[in-house]
Amino acid sequence: MMARSKSSGRWLREHFNDPFVKQAQRQGYRSRAVFKLQEIDAKDRLLRPGMVVVDLGAAPGGWSQFAAEKVGSAGRVVALDILPMDALADTTVLQADFTEDEALQQLRDALGGRPVDLVLSDMAPNISGMKAVDQPRAMYLVELALDFARDVLKPGGDFLVKTFQGEGFDPFLKTLRSEFDRVVSRKPEASRGRSREIYLLARGRRL
């Protein structure tokens, strides 16, 4: 029990001393994660006015907030998470478990048949600390996100997904390269150094 409280205390100290946390608070963003998307967008020019964007694993809403600002009132953001999330302008917020068929139906209903320009996925499983358990769970969510992107992306659409290096990563990367014109990896500055997370950006969905 002591070790656990020490480690959680360390996390809290890190969190509140984190410059990205402070910057998010200053700029009115809901989470430090916004700066990961912001950095990728600055480098790769992902988001443009008028786009239709789906944000999976959206709560508390930092990515959706940034995406909605970039696509403007002519665009649309559909955000989904298993956790509740406060409303956002120009955003449809859905609360559902993405691993359940009901969530997919809610997403399809919200899109109303509109083709999607960009699917974002910042989903991650609850971490147990056991790599043999966590990695398969993480890759399962990644595969589900790709299945969804295959369904809804328009030809030439893009897919940005958080993955974790380890078992299943290389085959997944190979699959992306076979289905999109270009795939690059990104490790934004706001990703914590010890995290195994890496973002894969797949551009130009082939049909």
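Predicted model: local features only at pLDDT ≥ 70, side-chain atom pairs only at ≥ 80, totals over all residues.
**View 1**

**View 2. The buried side of helix α5.** Three residues of α5, namely Ala 103, Leu 107 and Leu 111, are buried. Because they cover an arc of only 70° around the axis, they sit on the same side of α5. An α-helix has 3.6 residues a turn, so residues three or four places apart point the same way. The buried residues of α5 pack against the strands β1, β2, β3 and β4 (116–121), and also against helix α6 (131–152). Just after α5 comes Gly 112, with a positive phi of about 55°.

**View 3. Ala 103 and its contacts.** Leaving aside residues up to four places away in sequence, Ala 103 touches Leu 80, Ala 96, Asp 97 and Phe 98. From the C-alpha of Ala 103 to the C-alpha of Asp 81 the distance is 9.2 Å, while 22 residues separate the two in sequence.

View 4. The peptide bond joining Ala 59 and Pro 60 is cis, with omega at about 5°. Most peptide bonds are trans. Pro 60 lies in the loop that links β1 (52–56) to α4 (62–71).

**View 5. Arg 45, a residue with positive phi.** Arg 45 is in the loop between α3 (34–44) and β1. Phi of Arg 45 is near 50°, which is positive although the residue is not glycine. Most residues other than glycine have a negative phi. Is Arg 45 buried or exposed? Arg 45 has a relative accessibility of 68% and so counts as exposed, since the cut-off is over 50%.

**View 6. Asp 90, another residue with positive phi.** Asp 90 is not glycine either, and its phi is a positive value near 55°. The loop that holds Asp 90 lies between β2 (76–81) and β3 (91–95). With 28% relative accessibility, Asp 90 counts as partly exposed.

Definitions and conventions:
Residues numbered from 1 in each chain as written. Heavy atoms only, no water. Helix = DSSP H or I, 4+ residues; strand = E, 2+ residues; numbered from the N terminus. Buried < 20%, exposed > 50% of the residue type's maximum accessible area, 1.4 Å probe, protein only. Contact = heavy atoms within 4.5 Å. Arc of directions from axis to C-beta.
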